[in-house]
Amino acid sequence: MSSSEADPDIPDLVCQLDNVQGMVDALSSVRWKRHQDSVLELSEHGIVVIVEESGCLQAKVYLKKELFVSYEYRAEGRPRFGVSLGVFVDCLNTFSVSGRSSSIEICYPGPDMQLLLKSVDTPDACIYAEIRTKVPDTISWDYNFEPAGSTPLSFTVKSAALKEAIDDLEWPGSSIQIVLQPDPPCVQFRGEGHGDLQIDFMYYANTDLLIAFQCDRLVSYRYKYKFLRATTSNMPGSVIKDNRGSKLTIGRGGMLKVQHLVSVARPSTQHPHIDSAAYQQPSRIAYIEFFVKPEVDEEPVNDA
Amino acid sequence: MKFKAFLTDNGVSLLEKRFLPALDKMGRICHLYLTKDHAFFLHNLLNGDGVQSIAQFRKESLFEDYRISSQNDDRIAFTIDLGLLHRALRSSVSVCGHVTTATNRLQVKLVKKLTHNSQQPMPFLTFESKGYKSAVIQDVPISKPLSRVDVVELQSAIDMAQDLPQTLVQGPDLHQLQSFVDRLKHVGDLLHITITQYGDLHLQLLNTLTTLGVEFRKLPVVGVQAHVPSGDQNMTAQSRTKYAVEKGEALSVQVSLKHFAKSLQCHLTKPDCAFYGITPLASCLTVIFQFFIPGTRQTDKSISLHCRLPVLDPGSA
C-alpha cells in the first residue's frame with residue numbers, strides 16, 4: 001500500500017482544494033448506486049478514483065494535481081487504497097456549504113491508514129472527516145482499452161443530448177446496440193426489448209449535437225442498458241449546464257469508452273482577481289472516463 | 001371549564017408565521033396547556049422518548065380579554081393537531097385580515113358541539129372571525145380536557161424541564177448548522193455532542209467506515225466557564241475534546257441525529273440566538289432559543305422556547 005512506511009510521520013499526500021463542490025460533482029458522476037467500493041490511486045500527477053462493477057463496467061475520475069491549490073506528494077510508487085465511494089462523497093459533501101466557497105485539505109495516510117479531510121479556511125468552525133481505507137481487491141482494475149484500428153472510431157455529442165438519448169432508451173431497455181457508419185456519417189442507438197426505439201445522430205444534420213465524428217467502417221456492438229445508463233445517470237448539473245461534448249470511442253473488441261469533463265473551477269464571482277478565467281482554464285477540469293464491455297452475442301454482430 | 005380570549009395581531013403573527021410551522025415540524029400532535037397567566041405548547045412531556053419542546057407565552061403576548069376558569073386552579077390542557085390549528089388560524093386571518101379592529105377581532109374559545117357522526121358533544125377550539133360582510137367559524141377538534149391528575153403531571157413535567165445546564169454555549173448560525181446537519185443525515189444517525197466550558201461545541205458522527213465531525217470554537221459561554229488551556233490550538237478537535245472531558249471541563253452525550261435536526265427546525269420561529277447545554281449527569285441535551293424585543297438586544301421574557309433531547313447513551317461524561 002503505502003510506500004513511505006519507513007517514515008510514518010510524513011504522509012504520502014497532503015493537498016488542498018478550493019472547490020469541494022466540483023470534486024463532489026466529479027465523484028458523484030461515477031456513483032451509480034448507493035454502496036460502491038472505489039480504489040484511489042495516488043501519484044505525482046494527481047489522484048485517480050476507480051470504480052468497477054460486475055467485470056463489465058469501470059469508471060475513472062482523474063483529478064489532476066493542477067485542480068488543487070497545493071499538492072505535496074512524497075510517496076514513491078503509486079499508493080492504492082480502497083474506500084467506500086458513497087462515504088467519501090457524503091463526507092466531502094458536508095464540507096460544501098452552499099453560498100460560500102469552502103477549502104479542504106486532503107491527507108493520506110492518517111495514523112490508522114485513514115483518508116483524512118479537514119476544512120482549512122474557517123479557524124473557529126473546523127469540519128473534519130476520517131475515512132477508513134482498506135486494501136484494494138486483487139482483481140485487475142485495469143480495462144485495457146486499445147484502439148480498434150489505425151483510425152479511431154469515435155464521436156463527440158453534446159452531454160445533455162447524450163443523457164437524454166440514453167434516458168429515452170430506458171423504455172425498450174435491456175440491450176442497446178450502438179452502430180457507427182461512415183456513409184452517411186451517422187451514429188445510431190437501437191433498443192430492442194419491450195418495444196423498439198432507434199435514435200439517430202446524423203453528423204451533417206445535427207452538427208450542433210454531434211460535434212465530431214470519426215469512423216472509417218461500419219461497426220456495431222451491443223451493451224447492457226444498465227451499464228450504458230450508468231455512464232450518464234449521475235451526470236452533474238454543471239456538466240449539463242456547461243454542455244460541453246461527451247466523447248464516445250469504440251476500442252478493440254467493442255470496448256466502449258465514454259468521456260465527460262467536469263468543471264472544478266472555483267466560482268469566479270467570489271474571487272474575480274484570482275480566478276476570473278477559471279472556467280476557461282483546462283487545468284480546472286476533472287476528466288471522467290467510463291469503460292463498458294460489450295455484450296457477447298451468440299451470433300456476434302461485429303466489425304463489418 | 002371555560003376559555004375565551006381574543007387573539008392579538010402580535011399573537012396571530014407569532015403563531016401563524018413563526019411558531020405553528022416550527023412546532024408542527026416537531027410533531028403534529030401537542031398539548032396546549034392554558035393557565036391563568038400562560039399558554040404552553042408542549043411536545044412529548046408525558047411520554048418520554050421523543051424531543052421534548054416547551055413553548056411558553058405570557059398571555060398578553062398572544063391574547064387580550066383572556067378569560068379562563070376551571071375547577072382545577074383555572075388550568076386547562078388538551079391535545080391538538082397543529083396542522084389543523086395552523087389551517088384554521090390561516091383561514092381566519094384571511095377573513096378578518098392581519099390588522100384587527102374593535103369590530104373584526106379574532107375570538108378563540110373552547111366549545112362542546114354535537115357533530116353529525118356522534119351522539120356525544122365533542123370538544124373543539126373554535127376560531128370566530130368577522131370580516132366586512134361575513135363571519136367564519138372554524139372548529140378545530142381537540143381531545144377531551146386532561147384530567148386533574150394529568151394536568152398536575154404535565155405541570156410537574158414542565159417544572160422538571162426547567163433545570164438549566166451549568167454551561168451553555170451560544171450556538172453558531174442556525175442555517176449553517178442546519179445545512180451541515182442535513183448533510184450528516186446521509187452518513188449516520190448517532191451524534192456525539194460535546195460542550196466545553198471554553199465555548200467549544202463539537203458534533204461528531206461515528207460509524208464503522210468514517211468519523212465525521214465539526215467543531216465550533218470560541219463561542220460565547222453563559223454559566224460555568226474555564227480558561228482555554230494553552231497550546232490546545234495545535235491539537236486535533238478530537239484530542240482537544242477528549243482532554244477537556246478528562247479534565248472535567250466538558251460534558252459529552254450521544255443523541256439521535258434525527259432529534260437534533262428536529263430541534264433545529266425551531267429556527268422557523270426566528271429566534272435571535274440559540275444556546276446549547278448538557279444538563280448535570282448528562283441526562284439530556286438542552287437547546288434554548290432566545291427572542292429579543294424587536295429592535296433591541298433585550299430578551300423578550302414573554303416568549304420562551306426550549307427543547308430537551310433525550311440522551312441515547314451517557315457517553316463519556
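Mentor: Start in chain B, where α1(B) passes α3(B) in a left-handed crossing. Keep in mind throughout that this is a predicted model. By class, this contact holds nine nonpolar, two polar and three charged residues. Now the geometry. Helix α1 of chain B spans residues 9-26, and helix α3 of chain B spans residues 82-96. They pack at an angle of about 155°, and their axes are 10 Å apart. Angles over 145 degrees count as roughly antiparallel. The two helices, α1(B) and α3(B), are therefore roughly antiparallel to each other.

Next, the residues that make the contact. From α1(B) come B:V12, B:L15, B:E16, B:L20, B:P21, B:L23 and B:D24. They meet B:L82, B:G83, B:L85, B:H86, B:L89, B:R90 and B:V93 in α3(B).

Helix α1 of chain A covers residues 20-28, and helix α2 of chain A covers residues 85-95. Their packing angle is about 155°, with the axes 9 Å apart. So α1(A) and α2(A) are also roughly antiparallel to each other. The crossing of α1(A) past α2(A) is left-handed. Sorted by class, the residues of this contact are nine nonpolar, three polar and no charged. On the α1(A) side they are A:V20, A:Q21, A:M23, A:V24, A:L27 and A:S28. On the α2(A) side they are A:L85, A:F88, A:V89, A:L92, A:N93 and A:F95.

Return to chain B for one more helix. Helix α5 of chain B runs over residues 174-184. Eight of its 11 residues are buried, so α5(B) is largely enclosed by the rest of the structure. The buried residues are B:L174, B:L177, B:Q178, B:S179, B:F180, B:V181, B:R183 and B:L184. Note that B:R183 is on that list.

Now the cysteines. There are zero disulfides over all chains. In chain A, A:C186 is in no disulfide, and the nearest cysteine sulfur, that of A:C215, is 9.8 Å away. A:C186 is buried, at a relative accessible area of 2%. In chain B, the sulfur of B:C284 lies 11 Å from the closest cysteine sulfur, in B:C307.

Backbone geometry comes next. Chain A has a cis peptide bond joining A:Y108 and A:P109, with omega about -5°. A:P109 sits in the loop between β7 (104-108) and β8 (115-119) of chain A. The peptide bond from A:D183 to A:P184 is cis too, with omega near -5°. A:P184 is in the loop between β11 (175-182) and β12 (185-192) of chain A.

A:N243 is not a glycine, yet it has a positive phi of about 50°. It lies in the loop between α5 (237-242) and β16 (245-250) of chain A. A:N243 is partly exposed, with a relative accessible area of 22%. In chain B, B:L281 is a residue other than glycine with a positive phi, near 65°. Its loop runs between β16 (273-278) and β17 (284-290) of chain B. B:L281 counts as exposed, at 85% relative accessibility.

One loop residue in chain A deserves a look at its contacts. A:F145 is in the loop between β9 (125-131) and β10 (153-158) of chain A. Leave aside its neighbours within four places in sequence. A:F145 is then in contact with A:T249, A:I250, A:G251, A:M255, A:L256, A:K257 and A:F291. By contrast, the C-alpha atoms of A:F145 and A:L67 are separated by 25 Å. Those two residues are 78 apart along the chain.

Last, step back to chain A as a whole. Its secondary structure comes to six helices and 18 strands. Of its 304 residues, 55% are buried. Take the contacts in chain A between residues at least 6 apart in sequence: 70% of them join residues at least 24 apart.

Conventions
Residues numbered from 1 in each chain as written. Chains lettered and ligands numbered in written order. Predicted model: local features only at pLDDT ≥ 70, side-chain atom pairs only at ≥ 80, totals over all residues. Heavy atoms only, no water. Disulfide = S-S within 2.5 Å. Buried < 20%, exposed > 50% of the residue type's maximum accessible area, 1.4 Å probe, protein only. Axes fitted to C-alpha atoms, helices over the stretch in contact; angles between N-to-C directions. Helix = DSSP H or I, 4+ residues; strand = E, 2+ residues; numbered from the N terminus. Parallel < 35°, antiparallel > 145°, perpendicular 65-115°, else oblique. Left-handed = near helix turned anticlockwise from the far one by under 90°. Contact = heavy atoms within 4.5 Å. Nonpolar A, V, L, I, M, F, W, Y, C, P; charged D, E, K, R; others polar.
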